Amino acid sequence: MSGFLKLNGLGKRFGGLAALTDVTFEATEGKVTGLIGPNGAGKTTCFNLLTGTFAPTAGKVLFQGKDITGLPPHKVVEAGLARTFQSATTFPKASVRENIMRGALLRHPLGPVASILGGATAKRAVSRAEETVVEVMDALELTPYADREAGTLAYGHQKRLGVAIGLATRPRILLLDEPAAGLNPDEVDRFGQMLTMLKERFDLSMLIVEHHMRLIMRICDHIVVLDHGEMIAEGSPAEIQKDPRVIEAYLGGDAHAG
Ligand SMILES: Nc1ncnc2c1ncn2[C@@H]1O[C@H](COP(=O)(O)OP(=O)(O)OP(=O)(O)O)[C@@H](O)[C@H]1O
């Protein structure tokens with residue numbers, strides 16, 4: 001099976017609850033794929049299966065031809081697939097620069113021997129990571145806040161830091177989990193422009209879970225819709241907007257359309 005990021009018959013049960021059933025789609029290289037659906041549809045579960053937080057109970061995940069099903073999170077990152085988080089900062093007491101540096105060192109960890117002995121390889125890895133941090137801070141307009149404690153940043157900047165940490169792992173595909181949640185409409189628009197710019201600048205593919213429909217419709221090339229753990233539609237933004245099953249899922253549920 002060829003393809004970029006392929007989910008094949010993916011399923012997850014939590015005890016008696018089928019959180020995800022037989023989900024099959026592909027996120028294409030160089031494109032932005034949206035994953036949408038009402039609350040409880042299974043979007044976060046799907047992300048957790050892709051990033052190694054949980055192992056699926058059925059199906060496979062293939063990334064660039066390699067079976068990454070059930071790999072632990074650090075192996076998934078090494079394979080080139082990174083996620084950002086809904087709550088932005090992992091280390092609120094560390095500076096913005098240090099937080100991003102942790103991301104940069106995740107993809108190419110120094111390893112215990114190199115860390116202890118230092119040496120040319122370790123120095124090269126650190127200087128490569130430092131270059132990445134500078135580039136990522138610049139792209140996300142976080143350079144002025146480099147030395148600020150991450151936990152003291154304004155909310156919108158914390159969201160950007162969440163993206164920056166994922167981006168610093170130099171992924172081939174970035175998974176964004178509700179990156180615009182809690183932003184005001186102007187901030188959402190700016191965020192959308194920023195994501196489009198990041199995609200070009202870092203030659204990225206993206207898979208994005210988001211409730212802000214305007215943002216999704218504007219930036220996605222392809223959209224997959226889940227409802228009650230099952231795929232009910234996929235297609236272009238124009239196709240999805242007029243799909244009767246999608247309209248019914250949203251009108252019948254308690255989703256907020258943003
Ligand atoms: N760790 C877990 N243990 C048990 N049930 C879970 C767990 N994680 C998710 N679920 C259940 O799986 C279903 C799908 O949840 P999930 O969080 O994936 O949906 P979602 O589409 O991301 O929702 P939202 O838009 O509200 O974030 C829900 O019924 C949820 O209660």
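1. Start with Gln 64. Gln 64 counts as partly exposed, because it has 16 C-beta neighbours inside 10 Å. A residue needs 20 or more to be buried, and 12 or fewer to be exposed. Bear in mind that this is a predicted model.

2. Now look at the backbone of Gln 64. Its phi is positive, about 50°, although Gln 64 is not a glycine. Where does Gln 64 sit? The residue lies in the loop between β4 (58-63) and β5 (66-67).

3. Turn to Glu 141. Its phi is near 55°. That is again a positive value in a residue other than glycine. Glu 141 belongs to the loop between α5 (119-139) and α6 (155-167). Glu 141 has 13 C-beta neighbours inside 10 Å, so this residue counts as partly exposed.

4. Next comes the ligand. Which residues surround it? They are Phe 14, Leu 17, Ala 19, Gly 37, Asn 39, Gly 40, Ala 41, Gly 42, Lys 43, Thr 44 and Thr 45. Two elements, β2 (17-27) and α1 (43-50), each give two or more residues to this shell. Find both in the structure above.

5. Which element gives the largest share of the shell around the ligand? It is α1, with three residues.

Note on methods
Residues are numbered from 1 along each chain as its sequence is written. This is a predicted model: local features need pLDDT of at least 70, side-chain atom pairs count only at pLDDT 80 or more; totals for chains, interfaces and linings use all residues. A residue is near a molecule or strand if its C-beta atom, placed from the backbone, lies within 6 Å of it. Helices (H or I, at least four residues) and strands (E, at least two) are DSSP runs, numbered from the N terminus.
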